[in-house]
Amino acid sequence: MNRNEDLEEKKLLGSGGHAFAKLTEQEEVKASLGVPQIFLSNVGRLSEDRFTKYHCNKCAKEYSGSPAISYENPNEQLGENVMLIEKGDYICRKCNNILAIYRKFNK
Ligand SMILES: [Zn+2]
């Protein structure tokens, strides 16, 4: 039920750059945590077709399309009830600079 008219293009900030992607209102609320900036690390993994362009700080350049996404599912037990389900990086396709990292826990 992802109707296109519900998606809005937003700027997503990362430590090594930023990206522009289309988010649903729900994803935006979830990722912004009440502040005006939206961070890639809070959004987690978005499908690549959501991205329109990204900017790499190392290249000091903007590229169209999505950054590369590299992730693994370690399922690592970190505490009694906390498990690291997924960790991933958003990476510049030209220079492999990490734009942002994210971690997903079971809670
Ligand atoms: Zn780059």
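Analyst: Start with accessibility: buried means under 20% relative accessible area, exposed means over 50%, and partly exposed lies in between. Keep in mind that this is a predicted model.

User: Is cysteine 95 buried, partly exposed or exposed?

Analyst: Cysteine 95 has 27% relative accessibility, so this residue counts as partly exposed. Cysteine 56, in contrast, is at 0% and therefore counts as buried.

User: Which residues coordinate the zinc ion?

Analyst: A donor is an N, O or S atom within 2.8 Å of a metal such as this one. Here the zinc ion is held by the SG atoms of Cys56, Cys59, Cys92 and Cys95, at 2.2 to 2.4 Å.

User: What geometry does the site of the zinc ion have?

Analyst: Four donors count as tetrahedral if all angles lie between 85 and 135 degrees. The angles among the four donor atoms here are 105 to 116 degrees, and the site is tetrahedral.

User: How are the donor residues spaced in sequence?

Analyst: The spacing is C-x2-C-x32-C-x2-C.

User: Where is tyrosine 63, and which residues is it in contact with beyond its sequence neighbours?

Analyst: Tyrosine 63 belongs to strand β5 (residues 61-64). At 13% relative accessibility, tyrosine 63 counts as buried. Setting aside neighbours within four places in sequence, tyrosine 63 is in contact with Lys53, Tyr54, Cys56, Cys92 and Lys94. Cys56 and Cys92 are also among the zinc donors.

Conventions. Residues numbered from 1 in each chain as written. Predicted model: local features only at pLDDT ≥ 70, side-chain atom pairs only at ≥ 80, totals over all residues. Heavy atoms only, no water. Donors = N, O, S within 2.8 Å, 3.2 Å for Na, K, Ca; no water. Tetrahedral: all angles 85-135°; square planar, octahedral: opposite > 155°, others 65-115°. Buried < 20%, exposed > 50% of the residue type's maximum accessible area, 1.4 Å probe, protein only. Helix = DSSP H or I, 4+ residues; strand = E, 2+ residues; numbered from the N terminus. Contact = heavy atoms within 4.5 Å.
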